[in-house]
Every structure is written in C-alpha cells, then in structure tokens.
Amino acid sequence: MAGLERAKEDWYPIAIAGSTVDGEQLDTSLLGINITLHGDKDREISVTADGNNLPVQTRYDHVWTTFSENPRPLFDIPEADEAGRVLVPCGVVRVKCSPLRAVENFLDIAHFPFVHTDVLGAEPHTEVEPYDVKIDETIDEVIATKVKFFQPQAAKSAGDGIVTDYVYRVAAPMVSILYKTCPPKPGSQDVITLFVQPLDEETCNVWPWMALYDYENSMADMISFQQMIFVQDRSILENQLPRKLPLDPKMEIPTRADMTSIAYRRWLKRGGAIYGALTEAV
Amino acid sequence: MVTEPVGLSNNLPIKRVMPARVGDTDIAVWRSASGVVSAWLNRCPHRGMRLSHGFVRGESLACLYHGWQYGCDNKCKYIPAHPALEPPTTIQTMAYTVVEKHGVLWVSLDGTPEIPALFEKLQPVRSISFNCSNEDVLSALAETTLTCDDGQVLSASDMQSQNILILDNPQNKPKLAVLFQKSSAANVTAHLLADNSWSIDGLIRISRWCELVRRRAEIKIPDNRRNL
C-alpha cells in the first residue's frame, strides 16, 4: 500500500497516559493493523501486534507506539516542560476522514468564521492577511509564522474579541502544533496540538492536547471548550470528498490563504508520506 | 442516461439547499432567493466539502467550510478570506441539468433531460427514503393496498418504464404514481404524486400508507445488513 512503509517509521498516540488499569487490554488499530495495549501493575504499558511487542513511550500525556525498530525520533515541544503550564489531554474524537485531512484542517484559519462562528471567528472579519510559510529542511517540518486572525473568543480564558497571533508547526505527517496568543498572559503563547492516530487511511482518532497558562478555568471546562471546537471541525471533516487528502493540485483549488495547506501537501508528497493521501487526480 | 427525479419542488423553498443522489453521484440541489434552481456535484472545488451543507445568500450558494460563494452560473463569486479578490473564472462547480416539471425536480447527469409526460394531472404529495433494496420496497408495495376517498381499493400494478409505479391505471389516468430515484443497493428514495380526487384526509392516508410500506420493506432485511 502506498506510503505504508514510510508511515510505519513514525510514532503515534494510542491512549492517554495512565488511563489503563492493571490487567486491562485495549484493542485498537494503527495503519490498518490490529494492536493491543496491555495495562500493567506498575502502569508500565506494553503494546503488541500479532503477539510481538512494539516500542512504547509516554510523552505529552499520551502513550505512543511505532512499528519501526528504528523509528524517526518523536518531535520536541520544549514548551511542554515549562513551569506553570497546565497540561490538558482532551480525550479522543473518532473521525471518518483521512488522518491527513484532520491535520490540514487544523492548519486552516479561513474556516473559523464559518465553522467556529462567534468563537474562533465571525463575519465580517473573514480576511486572511498574508503570512509566512516555509518547509524547514534541516528539521523537516512545515512552519507558518505571522498568522493573524480576529477572534471573538480565542480561548476559554479570553474575554472580548482579540486579534490572535498564530505560529503553526507540522512536526510529523500526523502531528500539528500551534502557538497562539495567550489571553491571560500577554507575551506568552498557549500551545495546542493535534496528535492523530491513523486507524486506517480513511479513519482516525484525534487526540487534542494543550499546554496553557490558564488558572481560572477548571480542567473540565478547558477540555469541553476544545471538544466543542473539534466536534465542529468533525462536521466538516466527515463531509469532505474524497475522504483521502488529494495531493494533485488539479483536484482542489487553493487560494493565498491556503499557503500552509499547499506547503503541507507538497511536503507530504516530497517525503513520500502519502498514507491517507490520493496522489493522482480521480 | 435517464433523467432522475431528485425531489419535490415544494420541498425546496427559496434560499434552501438539499442533498440528493443519482446512482453513485452525490448532488447538491439549491434554490436562489429569486427562485433559480441549480444542481451541482456535491463538492466544493476548494477543499471538497459537500455543498449541500452550505447556505444560500441571495443568488449564491456559500460553502459551509470557508464561505466561498458560487452563483447560478456555477462560477465562484466571492472568497471571504480575500474580500478584495476577484475570483478567477476558472473556479466553478460541476453543474448538471436540472428541470422543474410536474412539481418534481429532475436532474440529468449527461445534459439531456427526458421527462415523462405522463403526469399532467398529478400533484406532488411527499418523498420518502427506504433503508433497504429496491426489491424489498417493491415486494412490500405488492403486499399492501390503499383506499381512495370513494372506497376504491388501489394496489400496485406493473412497474412502468423509467422506474415509475402506477397504482390503478385502467384508462391511463393514474390516481397515484410512485417515482423511484436511482439509488444505491441499500437505499431507495421515492416521490409520490396523486391526482386531484384526493381529499386532505386522503393525502394523509397516502402518507401513512407509504410509511407502512417502509416499515414492511425495512423489516425484510436482517439487522446486520441495515444501513442505519
């Protein structure tokens, strides 16, 4: 299958750390392959596929696994270790779309006024100003900077509408990290990530995770805010045709606001990260 | 390709959009503020979003995802992310021929509308969808009868050409016609048209009758095959 070998080199989230109890077995799927997560006495977790152990690590509040004995290193989020941040695993949302479609939607700001109306955006504030995008070859990431957008309620901690600054990183084909203006702590940035578990090419589990400066809101409120946002995204993601992400530019017409998406698609194609993608026009 | 009935005119008021299916083709049908009907491939050219989830503004259909607006000439009129930009005329939806006749919306995928001339005296009643195969619907239809206001009992006669089922058709004056929309193996949509002999109570009876047909048709298939 196209892109499977490349996809097997990456780490993927399959559970929230500490969420399994001793002796519990959890069956799930990764890249179309059945895997089982085994909860252990001391909360050490093992993951098996067809009886064989897979590499496991716990990071960013999630359990990660890979099919490779020599995987690409898990990406770094230095901010995760900063003192004072509240770390918020937001649970899981099952979405019937390509894992790549889920990531691309996360990189998109032009949909805010229409999909997250009166929260992350509102008409008439629909304009997307020019921003910078690059494919950083040395760290092999897509990075978008100087992204700005007017938001009525940028976060649970935001009061009135503000112009929010964003930086986006695509740190792996199925991992995106955004940094955005932190309403209660000017000068700092909230970190919000989308970790995507590809169940197969057209179905994924999305594990949003946040590292915020927010001491006002309860964990439950922050999680439900993020879940509300993502469930709105799901109504889009499950209605895009085709379900896989088309990489041929003839299939879908972009505009200047889609610079990040264009770079993401190009980067995927160039790196052979085409699991969940359509490489030719249909 | 036969022209397919995809809905009833009175179920598509102005400034509304609805999804439809002709065989494997996903379609969005919408009516502008001035009443113009369009039928398009149900896919925004920008990022593939189903246009049937969009919203009508004046003479344009806007995609729900990014608000791109497409006019009745199928061309993109407005991209909200770039309000000052004149969208290139190459950005357009994939349009099909749609004709409104006999109170029914007819779509032709290949551009040549062929609409049966049989229904001049018939009025649209309602549409109904079945989560089962065409055969299940036809066999449930054969098992049920419908009573007219004058006491006459109707039963399904032979299937006419073009997927039209006529109920009691002695002198080519059908009291009730069922138009079947070409659909998938596990899903059938039908549109009901009645002549002017039916009272309001009679039309309600027609509506209940087709729901009875649906209950019987859907019960014919085992649960694990049901497309719930």
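The model is predicted, local features requiring pLDDT of at least 70 and side-chain atom pairs pLDDT 80 or more, while totals for chains, interfaces and linings use all residues. Side-chain values use heavy atoms, with hydrogens and water left out; residues are numbered from 1 along each chain as its sequence is written, and chains are lettered from A and ligands numbered from 1 in the order in which they are written.

The side chain of B:Glu211 meets that of B:Arg126 in a salt bridge, at 2.6 Å from N to O; the term denotes a side-chain nitrogen of Lys or Arg within 4 Å of a carboxyl oxygen of Asp or Glu. The pair links distant parts of the chain, 85 residues apart, with B:Arg126 in strand E11 (residues 123-130) and B:Glu211 in helix H2 (residues 200-219) of chain B. Helices (H or I, at least four residues) and strands (E, at least two) are DSSP runs numbered from the N terminus. B:Arg126 is classed as buried because its relative accessible area is 18%. Chain B as a whole has 2 helices and 16 strands, and buried residues make up 50% of its 228 residues.

Over all chains, the structure holds 26 salt bridges. In chain A, A:Arg101 and A:Glu252 form one with an N to O distance of 3.0 Å. This pair spans 151 residues, from helix H2 (residues 99-106) to the loop between strand E16 (245-246) and helix H5 (259-270) of chain A. Both A:Arg101 and A:Glu252 are buried. A further salt bridge joins A:Asp10 to A:Arg6, their closest N and O atoms lying 3.0 Å apart, and these two residues are likewise buried.

Chain A is divided into domain 1 (4-65) and domain 2 (83-278), with bounds taken from an automatic or database domain assignment. The C-alpha centres of the two domains lie 25 Å apart. Contact, defined as heavy atoms within 4.5 Å, involves 18 residues of domain 1 and 19 residues of domain 2. The area buried between the domains is about 1500 Å², of which carbon and sulfur atoms give 69%; buried area is the accessible area (1.4 Å probe) that two parts lose on being put together, summed over both. On the side of domain 1 that touches domain 2, helix H1 (4-7), strand E1 (12-16), strand E2 (25-30) and strand E7 (62-65) of chain A each supply at least two residues. Strand E1 of chain A provides the largest share of that side, 5 residues.

A:Asp200 is found in strand E14 (residues 189-200) of chain A and is partly exposed, at a relative accessible area of 31%. Its side chain reaches the backbone nitrogen of A:Glu202 at 2.8 Å, and a polar atom of that side chain lies 2.8 Å from the backbone nitrogen of A:Thr203. A:Asp200 and A:Ser29, 171 residues apart in sequence, are 7.6 Å apart in space, C-alpha to C-alpha.

Technical notes: Buried means under 20% relative accessible area, exposed over 50%, partly exposed in between (1.4 Å probe, protein chains only). A polar contact is a pair of N or O atoms within 3.5 Å; within protein, one must be able to donate a hydrogen and the other to accept it, and residues adjacent in sequence count only if both atoms are side-chain atoms.
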